[in-house]
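Visitor: Hi, I have a few quick questions about a structure. Could we look at it together?
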Amino acid sequence: MLREGTDIVGGKIVSYIQDEEKGGCKIPLYLHVDENGYIQCYRNGKMTRLHRVALEDKLGIKLSSNIHACHICHTRKCFNKEHLELGTALHNAYQKIEAGRQRYGENIPNSKLTEKKVIAILKSNLSIKDLGSHYKVSATTIRRIKQGILWPETYKELFGHYSEKRIAIRNKKHLQDLTGSKINSCERKAA
Ligand SMILES: [Zn+2]
């Protein structure tokens, strides 16, 4: 059964229709659909997509452009917060590989972790050891995530800045080869 409602997204009222028997996607009324089938909206005078703003509201963070807002319902027009989750382009690509060809991803470093799990690790007060056994990764991996060395962009999204460790490492030129383009891209941002 279709029902109508309103939600606040990015501080603005959005009217929608929702079919609770068919997954509960919230489809906005009266808003423009872009050429890719996503709902367009404006935030601070800049054009963006409604589902991104909905996910930002849900998480209470600002998504940078390299972070994707993914529809777990695969409905591009949907802005139901329960149907949205974080992902990076790499994570999305990995998920597609995983969905299509299981096992292929096992050789990808850090494939056990997702953006979502890394955020949970960064927010958690559990010990390094407990987190390691919970997420089935080494204590070193957990420690390096906590230090903002692994998944530095996720750390930055959450805390608003790179970690001190990350910055120290970035400044050590001899480590550049280990982390490659990521160092170069932060240096470009800093310049
Ligand atoms: Zn949906």
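Visitor: Which way does α3 cross α6, right-handed or left-handed?
Guide: In this predicted model, α3 passes α6 in a right-handed crossing.
Visitor: And at what angle do α3 and α6 cross?
Guide: The axis of helix α3, residues 115-123, and the axis of helix α6, residues 152-159, cross at roughly 55° and come within 10 Å. Because of that angle, α3 counts as oblique to α6.
Visitor: Which residues make the contact?
Guide: From α3 there are Glu-115, Val-118, Ile-119 and Leu-122, and they meet Thr-154, Tyr-155 and Leu-158 of α6. Sorted by class, the contact of α3 with α6 has 5 nonpolar, 1 polar and 1 charged residues.
Visitor: What about α3 and α5, how do they pack?
Guide: Helix α5, residues 139-146, packs with α3 at an angle of about 80°, and their axes are 9 Å apart. An angle from 65 to 115 degrees counts as roughly perpendicular, and therefore that is the description for α3 and α5.
Visitor: Who touches whom there?
Guide: Val-118, Ile-121 and Leu-122 of α3 make the contact with Ile-142, Ile-145 and Lys-146 of α5, and these residues divide into 5 nonpolar, no polar and 1 charged.
Visitor: Switching to strands: which residues of β6 are on its covered face?
Guide: In strand β6, residues 67-71, the covered face holds Ile-67, Ala-69 and His-71, whereas His-68 and Cys-70 are on the uncovered one.
Visitor: How many bridges join β6 to β7?
Guide: There are 5 bridges between β6 and strand β7, residues 84-88, and the two strands run antiparallel. Within this pairing, His-68 stands opposite Gly-87 in β7.

Notes. Residues are numbered from 1 along each chain as its sequence is written. This is a predicted model: local features need pLDDT of at least 70, side-chain atom pairs count only at pLDDT 80 or more; totals for chains, interfaces and linings use all residues. A residue is buried if 20 or more other C-beta atoms lie within 10 Å of its own, exposed if 12 or fewer, and partly exposed in between; C-beta atoms are placed from the backbone. Helices (H or I, at least four residues) and strands (E, at least two) are DSSP runs, numbered from the N terminus. Two strands pair if DSSP finds at least two bridges between them. Axes are lines fitted to C-alpha atoms, for helices over the stretch in contact, and angles run from 0 to 180 degrees between N-to-C directions. Angles under 35 degrees count as roughly parallel, over 145 as roughly antiparallel, 65 to 115 as roughly perpendicular and the rest as oblique. A crossing is left-handed if the near helix is turned anticlockwise from the far one by less than a right angle, and right-handed if clockwise. Two residues are in contact if their C-beta atoms, placed from the backbone, lie within 7 Å. Ala, Val, Leu, Ile, Met, Phe, Trp, Tyr, Cys and Pro count as nonpolar, Asp, Glu, Lys and Arg as charged, and the others, Gly among them, as polar.
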